[in-house]
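Here is a short report on how two chains meet. Look at the model first, then read on.

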Amino acid sequence: MSAAPAGLVWRLTRQAVRALWAVVFVVPLAVALVLALAQATDASAWRALLADPQTLPAWRLSAGTAVGASLSALLMAMVITTHLHGSRWWPRVSSALAPMLALPHAAFAIGFALLLMPSGLVARALALATGWIDPPDWRSVNDPQGLVLMVMLALKELPFLLWNLLALLARPELSAQLQRHVLLAGTLGYRAPALWWRVLWPMLLPRLVWPLLAVLAYSLSVVDVALVIGPLSPPTLAALAWQSLLDGDRASQALGAVQVVVLAATLIALVALAALVGALWRRAALRTATAGHRPTAARRLDGSSFARLLSLAVALVYALVALMLLLAASAGPWPFPALLPTSWDALAALRAALWPTLAFSAALAASASVLALVLAIGWLEVTPPRADAALTPVLLAPLVVPPLLLLIGLYQGALWLRLDGSVWGLLWVHVVVVLPYAFIVLAPAWRGYDARFETTALALGRSRLAFWWRVKWPMQRAPIAAALSVGFAVALAQYLPTLFVGAGRFATVTTEAVTLSAGGQRQSAVVYALWQALLPLLGFALAAVVRHPRPGRPPFTP
Amino acid sequence: MALELVDLALSLPQRPLIAGLQARVEPGEVLTLMGESGCGKSSLLAYMAGSLQPPLHATGTVRLDGRDLDALPIEQRRIGLLFQDDLLFPHMTVQQNLLFATPPGPRTSRTARADSALAEAGLAGFGDRLPHTLSGGQRARVSLLRALLAEPRVVLLDEPFSRLDAALRAQMREFVWQRLKSAQVCALLVTHDVADVPPDGKVIDLGRLRPLAAAGADRA
């Protein structure tokens with residue numbers, strides 16, 4: 001028996017949700033991209049780009065760090081998964097991911113810089129052994145080759161890739177099958193790692209295209225992290241474009257738009273290259289798989305120990321970064337080579353001057369995440385499965401379009417709607433950025449929901465609204481809480497939209513942290529970076545409480 | 001090359017499931033282990049394959065040609081496995097699935113072996129097809145061919161017919177028994193369906209091997 005026929009209220013709800021989506025997301029997104037590309041049609045801007053001696057080295061840096069970081073993150077994720085999936089280490093890996101993901105990129109970059117800089121914790125620890133009195137003459141942060149930026153991006157993207165892998169491998173249809181594939185391959189003479197590299201990765205990687213694309217796009221066009229830890233002269237192309245766009249001069253802004261278009265073209269070229277390399281690799285893996293050779297004991301490296309060491313090393317870096325943020329935020333004077341501050345200023349992170357920025361950041365992020373959640377649930381409730389599948393790439397577009405390109409368009413849109421510099425414009429642009437993340441978190445739970453619950457509720461004479469309110473949404477409290485906390489973290493970490501669409505009128509913990517850090521005031525920046533890390537953690541902690549109801553209490557009471 | 005099960009026992013913490021299983025399986029012979037759901041049939045096979053997971057615990061010896069299988073890692077036991085699902089790798093063609101199992105050697109002879117196995121199974125010309133384009137019965141046959149091409153000494157069959165429809169099940173049983181006999185490998189089948197038992201095959205009812213404690217616990 002099918003569900004009850006749609007009534008007037010239901011039809012109106014569907015139309016309203018679609019209209020809201022069109023007004024808030026789809027039309028602005030399309031217009032934004034057209035406007036951004038239109039800005040880049042200025043021939044003189046292209047001539048300026050070609051004449052600028054910084055263009056080529058900056059482009060090389062961007063492409064090099066993006067490819068290096070993405071490949072390193074992917075390789076590390078593959079090594080860890082290959083050797084630890086199914087072992088007693090795998091649950092530990094999965095439980096370590098949440099705090100790593102919750103740490104925003106900018107906060108991580110600031111903490112990482114504080115670790116590695118000449119007067120950082122690493123140099124202070126080495127000074128214990130070497131007897132250094134002054135900080136060493138290192139270019140360990142803002143190095144001209146961009147190596148530190150690349151390593152930092154690889155470390156920060158690794159948990160994201162592992163999280164996606166974890167979600168993929170935990171799917172019921174895949175999880176049991178994988179275990180039996182490993183057993184079956186064992187009986188055919190192959191150890192699990194051989195099966196992973198020859199068979200399972202070629203099978204699984206095509207299912208990770210979206211996260212991989214997101215990592216590549218992010219690494220190529222990231223600005224805030226590049227300002228904190230990346231090369232300075234020349235900077236990456238994204239940072240160069242950002243400098244051009246911030247300039248009030250129209251010619252500079254047109255140059256910035258052109259630089260962003262070059263970044264987008266680079267992304268397309270890299271994706272095409274990655275597709276080609278991926279196809280060749282799959283073919284080579286298949287050839288190896290069908291050659292029949294089984295690795296002998298003598299040729300086996302102890303991959304499992306290496307994977308465990310790698311996981312521990314990554315966890316240690318995150319722990320040190322968090323420790324560094326805490327130490328630096330509560331340190332008084334800290335002369336080199338003292339390993340710990342000589343005096344403490346424990347209340348620095350609670351100074352009254354911080355509170356307005358903190359409150360505004362939290363309110364903006366909370367509002368954006370709630371609005372994005374409402375829109376995402378609305379979409380998932382009213383969109384027929386075929387339209388949902390067909391339009392999913394549009395919804396996920398902001399994840400893979402270089403943020404600067406999107407931002408130029410959104411800014412033009414905000415100008416046109418006279419929303420630039422207003423809190424409403426700021427909120428709107430945050431919702432656009434947060435929506436795909438809320439959608440990614442919610443979609444699997446909504447798409448996998450057993451439709452018979454609805455049929456049963458309607459057959460029992462309850463309205464669709466009563467079913468949603470009393471049955472479905474309480475059952476979905478875990479993904480709802482996750483979407484809210486992820487949305488909150490994403491909104492809070494936005495740097496470019498806040499500065500650009502907010503016209504510099506609004507300060508958030510992220511804009512303050514990045515601006516101060518890029519200006520060389522790392523000690524001051526670190527207090528904001530700490531809050532930038534703590535606020536999402538609070539969000540995730542709250543979500544964990546909501547998603548696990550108290551013992552003895554039913555999860556929902558219809 | 002006989003398979004011997006010596007005093008096998010299987011238990012969960014504080015709950016014995018099977019005790020005192022003794023059996024000998026000659027090459028080309030199929031021993032059927034029958035029992036109700038949850039009695040530990042599949043776990044016994046997992047133990048023999050070397051993949052038994054805690055909290056299940058097994059004791060006893062599995063010998064092949066007098067050699068203790070316990071001493072060998074899974075990949076050296078030369079055991080073939082057949083499950084309810086065919087578990088063919090979905091991104092590999094039928095031939096690539098078979099070549100994955102075929103022992104190393106010159107490419108042409110390995111390909112010829114795979115092709116001839118397909119032809120004998122009535123699947124000539126199917127080598128370039130992907131698994132999802134085959135019917136359930138065809139996939140099941142390819143799965144058995146893959147297990148046999150690895151030249152196993154023992155084949156463990158874990159309710160391999162239970163997902164097939166009735167007509168296909170009869171055909172598949174005949175195909176499997178014939179192939180196992182001609183390959184002269186020892187085989188262990190677990191099932192709860194009497195119809196699955198091969199003609200002239202030996203049967204052990206695991207229900208009769210249940211320790212008294214477990215039987216008592218069930219009655220309580």
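## A helix checked by length

The helix α8(A) has 16 residues, so at 1.5 Å a residue it should span 22 Å; its end C-alpha atoms lie 23 Å apart, which agrees. The expected span is 1.5 Å times one less than the number of residues. Helices here are DSSP runs (H or I, at least four residues), numbered from the N terminus.

Several residues of α8(A) are buried, including A:Leu174, A:Leu178 and A:His181. Buried means under 20% relative accessible area (1.4 Å probe, protein chains only). After α8(A) comes A:Gly189, with a positive phi near 100°.

## How the model is read

This is a predicted model: local features need pLDDT of at least 70, side-chain atom pairs count only at pLDDT 80 or more, and totals for chains, interfaces and linings use all residues. Residues are numbered from 1 along each chain as its sequence is written, chains are lettered from A and ligands numbered from 1 in the order written, and side-chain values use heavy atoms, without hydrogens and water.

## Where the chains meet

Chain A and chain B each give 26 residues to the contact (heavy atoms within 4.5 Å). Two salt bridges are counted between chain A and chain B. A salt bridge puts a side-chain nitrogen of Lys or Arg within 4 Å of a carboxyl oxygen of Asp or Glu. A:Arg180 forms one with B:Asp85; their closest N and O atoms are 2.6 Å apart.

On the side of chain A that touches chain B, α8(A), α9 (192–204) and α13 (250–289) give two or more residues. The most come from α8(A), with eight residues.

Methods. Buried < 20%, exposed > 50% of the residue type's maximum accessible area, 1.4 Å probe, protein only.
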